[in-house]
Amino acid sequence: MKVLKIATAGSVDDGKSTLIGRILYDTKSLTDDKLEAIEEKSRQRGFDYLDFSLATDGLVAEREQGITIDVAHIYFSTPSKSFIIADTPGHIEYTRNMVTGASTAQASIVLIDARNGVVEQTYRHFFINNLLRIKDVVIAVNKMDLVDFSEEKFNAIKGEIEYLASKSEYKGQNLTFIPLSALKGDNVVDKSDNMEWYKGETLMHHLERLEPEDINDVSQTRFPVQTVIRPKTEEYHDYRGYAGKIYGGDFAVGDEVAVLPSETKSKIKSINFFDKEYQVAKRGSSVSITLEDNVNVSRGDMLVKVAEKPTIAKQLEATICWMDKEPLQASQKYYIKHGVNDAQAKITQLKSIIKTDFSGVEENPSALVLNQIGDIQLKLSKPLAFDAYSKNKSNGSFILIDPKTNNTVGVGFIK
Amino acid sequence: MSQNTIQVDALESEAIFIFREVVAQFEKPVLLFSGGKDSITLVRLAQKAFYPAKIPFPLLHIDTGHNFPETIEFRDRLAKELGVELIVRNVQDNIDSGRVKEETGRYASRNMLQTETLLDAIEEFGFDACIGGARRDEEKARAKERIFSVRDDFGQWDEKNQRPEVFDMLNGKIDLGQNVRVFPISNWTELDVWSYIEQENIEIPSIYFAHKRKIFVRDGMIWSADDDVVFRDEEEEVVERMVRFRTVGDMSCTAAVLSDAVDIVKVVEEIRDSSISERGARIDDKRSEAAMEKRKQQGYF
Ligand SMILES: Nc1nc2c(ncn2[C@@H]2O[C@H](COP(=O)(O)OP(=O)(O)OP(=O)(O)O)[C@@H](O)[C@H]2O)c(=O)[nH]1
Ligand SMILES: [Mg+2]
C-alpha cells in the first residue's frame with residue numbers, strides 16, 4: 001500500500017492537533033486504550049467534550065501549556081490508503097519544527113481560525129509551503145461552529161488566500177478550500193449538516209483521493225555515494241560497492257556514468273541489493289553499484305549518466321529559511337550538508353529578506369534572524385554537484401550547521 | 001543473475017540509508033539489541049545495508065536478568081550466525097554492587113534500571129551512536145523523536161530543543177561527551193514490521209506466537225506465571241491459556257495477549273484487526289501519562 005505524507009500548518013490554537021485527533025477518532029484509528037486515556041484526561045480537566053489534541057500532544061510541557069512544541073508523526077490507514085500526518089506547532093518560536101514536519105510532505109493542511117482569518121503565522125506557513133513546493137494544499141477554515149457556519153466569513157478567507165497564491169512563484173500548486181469544525185467534526189470525515197451552502201468534499205474524502213507520489217519527480221540520474229563497501233574477505237577480495245540511495249532517475253547495468261565532481265568516466269558493472277543482482281534500479285532505492293574501472297570514488301561523490309550532469313560549482317545562490325537564535329550575517333562560516341556531502345561554506349552575500357506575506361523583499365539587510373527567509377550567496381570549500389530545488393528536491397536542498405554549536409541552523413533551497 | 005528491475009520499498013530504503021549514514025558519520029556505533037522483533041528487524045536491515053561485508057558494528061544487549069529464556073537463546077544464535085560481536089551488560093551487576101536499587105512490590109520492574117547499565121556501557125566503550133528500534137507509532141512521546149536524536153553526557157533527551165531534521169539530511173555532528181540515538185525504523189508501524197518479517201521470512205523468538213502458558217490475570221492484563229519474576233499475590237489464580245507476546249521486553253513489565261495466532265500469517269491478521277495498541281500491554285507505560293517521556297529524559301532507549 002502507498003503512503004501519503006501530509007503536514008499540518010497554521011497559527012497557534014487554530015486547531016491542528018484537535019483536527020488530527022478528530023480524524024483518528026472518526027476513522028476509528030484510535031485504539032481502545034488510547035481513547036480511554038483521552039476520555040479520562042478530558043474528564044479530569046473538567047471539559048464537557050473530548051480534547052482530541054491529547055492524542056498527539058505527547059510532551060508534558062505541551063499538555064501543560066495546551067500548545068504543540070515539536071512535530072509529532074501520526075500513522076493511520078483507511079481501507080484504501082496509509083497516511084503519515086505531521087502535527088506541527090503553530091507557535092512562531094517553533095517554526096523550525098514546522099519546517100521539519102513539512103519538508104517531506106506531499107500535501108499540507110493549512111488551518112485558519114474562522115474568527116481571526118489570515119494572521120501572520122498563516123502567511124509564514126503558507127509561504128513555507130510554497131517554498132517547499134508542496135503540491136496539494138488544503139486551506140481548512142476551522143472553528144466554523146464559532147462563526148455561525150457563515151459562508152461569508154469562509155469566502156472572505158478564501159479570497160485572501162487566492163490573492164496570496166496569485167503572487168506566489170510556484171504555480172504547480174492545487175488549492176482546495178474546506179470549511180470545518182475540528183472539534184465538532186463538521187466536514188472532517190462526515191459531511192456537515194450545518195453548512196448546506198458548501199457543496200465540496202469532506203477533508204478525509206479529499207485526502208483519500210490524492211495520489212501518493214514521489215516528491216522527487218525528476219528524470220535525471222543522481223546517485224550520491226554514502227559509503228564504499230569493501231568486504232575484505234577472500235570471496236569478495238576485489239569487491240568495491242558504492243552504496244547510496246538513488247536521488248533521481250533509473251540506473252542500468254552498462255550505463256556510462258561520470259563520477260562527480262572529478263568527471264572521471266566508467267560503466268556500471270553491477271547493481272546489487274543484498275544477495276541479488278539486478279539490471280535496473282529505480283529512483284528512491286538504496287542499492288550498491290560497482291563500476292567496470294578501478295576509479296577513485298568516495299563518500300560525497302555522485303554518479304550520474306554522462307549526458308545528465310548537474311551544476312558543478314564552488315558557489316551557489318539559494319533561498320534560506322533561518323532556524324537559529326544567532327542571526328545569519330554576511331561573511332560568516334558554516335558547515336554545509338548537501339545530501340550526504342559535507343563542505344565548508346562562507347556567506348558571501350546576504351541579498352534580501354523575503355516578506356512572507358508576498359509583499360516583496362527588503363534589499364541588503366544586515367542580518368537574517370530566527371524564522372526569517374532570505375536570499376543568499378555562498379562560497380564553498382570544494383565543488384558540489386547540485387540541481388535547482390525546482391528540478392530535484394533532494395539534490396537541490398541543503399542545511400547549514402553552526403561549527404560552534406553543531407546545530408542545524410538553516411535550510412536552503414538552491415536557485 | 002536476475003534480469004529484474006529493483007525498486008526498494010520506501011521504508012526499507014530509508015532505513016538502509018540511515019544505517020549507511022551512521023557508519024559514515026560516526027566512529028563507534030553500536031546496535032542496541034533487545035531480542036525483540038524490532039531489533040531483529042534492525043539486524044536484518046543492517047545486514048542488507050552492508051552486504052556482502054559483515055555488519056560493521058557490534059550488538060549491545062542490556063540484560064535485565066528477567067528476559068525470556070527463548071530470547072537469550074535466540075540472541076546468541078543470531079550473533080553467531082552473522083559473525084557479529086555481541087556485548088552483554090547485566091543489570092544484575094549494578095544491583096549487586098549497590099549502584100542501583102531494585103524496586104519491590106506488586107509492580108516491581110527492572111525496566112528503569114536498564115538506563116544506568118546502558119549509560120555505563122556507552123561510557124565504557126565510548127560509543128558515539130546507539131542504534132535503536134523505537135518507532136514513532138508506539139507511543140506519543142516517541143512520536144516526537146528525531147531520527148538522529150542528540151543526548152548529553154547523562155544520556156538526557158532535551159525534547160524541547162531538538163535539532164530541525166529536514167528532508168533526509170541527517171546531522172550527526174556532536175560535541176565531545178555527547179552521543180546520538182539513531183532510529184532507522186522511526187516511520188514504520190507495528191504492522192509494517194510484522195509484514196516485513198513475513199515478507200523476508202525472518203526468524204523470531206517463539207514467544208511471539210501463540211503457545212500454551214500458565215498465566216494469571218491482574219487489572220485486565222495477562223501475566224506469565226511460569227517463573228517467579230512477576231510478583232503474584234497468593235489469591236491470584238493461575239490458569240493455562242493460549243497466549244502470545246506482542247512486545248518482548250523485560251518479563252516483569254510485558255503482559256501477554258490471548259491469541260490463537262500460531263504463525264506469522266495469523267499474527268499479521270491479528271495485528272490488523274487489533275483494537276488495543278501495542279504498548280497497551282506494557283505496564284511501564286501505564287504508570288503515568290508521561291512515563292515514556294520521563295524515561296527518555298533520563299537516557300532510556
Ligand atoms: N469551538 C471550536 N474549538 C476548536 C475547534 N478546533 C479546535 N478548537 C479549540 O481550539 C483550541 C486549540 O486547539 P489545538 O488543536 O490545540 O490547536 P493547535 O493548532 O494544535 O495549536 P498549536 O499546536 O499550539 O499551534 C483548543 O481549545 C481546541 O479545543 C473547532 O473547530 N471549534
Ligand atoms: Mg497543536
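Contact, in this talk, means heavy atoms within 4.5 Å. One more thing before the residues: this is a predicted model.

I start with B:Gln178. Setting aside its neighbours within four places in sequence, B:Gln178 is in contact with B:Val150, B:Arg151, B:Asp152 and B:Asp153. B:Gln178 itself sits in the loop between β6 (148-151) and β7 (179-182) of chain B. Is it buried, exposed or partly exposed? With a relative accessibility of 24%, B:Gln178 counts as partly exposed, because buried would require under 20% and exposed over 50%. Its side chain also has a polar atom 2.9 Å from the backbone nitrogen of B:Asp175. If you want a distance to check on screen, take B:Gln178 and B:Gln156: they are 22 residues apart along the chain, and their C-alpha atoms are separated by 9.6 Å.

Next in chain B is B:His211, which belongs to strand β8 (residues 211-218). Its relative accessible area is 18%, so B:His211 is buried. A polar atom of the B:His211 side chain lies 2.7 Å from the backbone oxygen of B:Phe209. Beyond its neighbours within four places in sequence, B:His211 has contacts that include B:Ser206, B:Arg241 and B:Phe245. B:Met242, B:Val243 and B:Arg244 are also in contact with B:His211.

Now chain B as a whole. It has nine helices and 11 strands. Of its 301 residues, 61% are buried. Chain B exposes about 12,100 Å², and carbon and sulfur atoms supply 47% of that area. As for its contacts, take those between residues at least 6 apart in sequence: 73% of them join residues at least 24 apart.

Over to chain A, and the magnesium ion, which is ligand 2. Which residues coordinate it? They are A:Ser17, through OG, and A:Thr68, through OG1, at 1.9 to 2.0 Å. A:Ser17 is in helix α1 (residues 16-26) of chain A, while A:Thr68 is in the loop between α3 (60-65) and β2 (72-78), so the pair ties together parts that are 51 residues apart in sequence. A:Ser17 counts as buried, at 7% relative accessibility. A:Thr68 is buried as well, with a relative accessible area of 8%.

A:Thr68 comes up again at ligand 1. How many residues surround ligand 1? There are 22, and the closest are A:Lys16, A:Thr18, A:Thr68, A:Gly90 and A:Asp145. By class, that shell has seven nonpolar, 10 polar and five charged residues. Helix α1(A) gives the largest share of the shell, three residues.

A backbone N or O atom of A:Gly15 is 2.8 Å from an oxygen atom of the ligand. A:Lys16 also has a backbone N or O atom 2.8 Å from an oxygen atom of ligand 1. In A:Ser181 the atom concerned is an N or O of the side chain, and it lies 3.1 Å from an oxygen atom of ligand 1. On its own, ligand 1 has 660 Å² of accessible area, and the protein covers 88% of it.

Last, A:Arg43. This residue is found in helix α2 (residues 32-44) of chain A. Its relative accessible area is 60%, so A:Arg43 is exposed. A:Arg43 and A:Thr348 are 305 residues apart in sequence, and their C-alpha atoms are 57 Å apart in space.

Note on methods:
Residues numbered from 1 in each chain as written. Chains lettered and ligands numbered in written order. Predicted model: local features only at pLDDT ≥ 70, side-chain atom pairs only at ≥ 80, totals over all residues. Heavy atoms only, no water. Donors = N, O, S within 2.8 Å, 3.2 Å for Na, K, Ca; no water. Helix = DSSP H or I, 4+ residues; strand = E, 2+ residues; numbered from the N terminus. Buried < 20%, exposed > 50% of the residue type's maximum accessible area, 1.4 Å probe, protein only. Near = heavy atom within 4 Å. Polar contact = N/O pair within 3.5 Å; in protein donor to acceptor, adjacent residues only side chain to side chain. Areas by Shrake-Rupley, 256 points an atom, 1.4 Å probe, with all protein chains shown as cover. Nonpolar A, V, L, I, M, F, W, Y, C, P; charged D, E, K, R; others polar.
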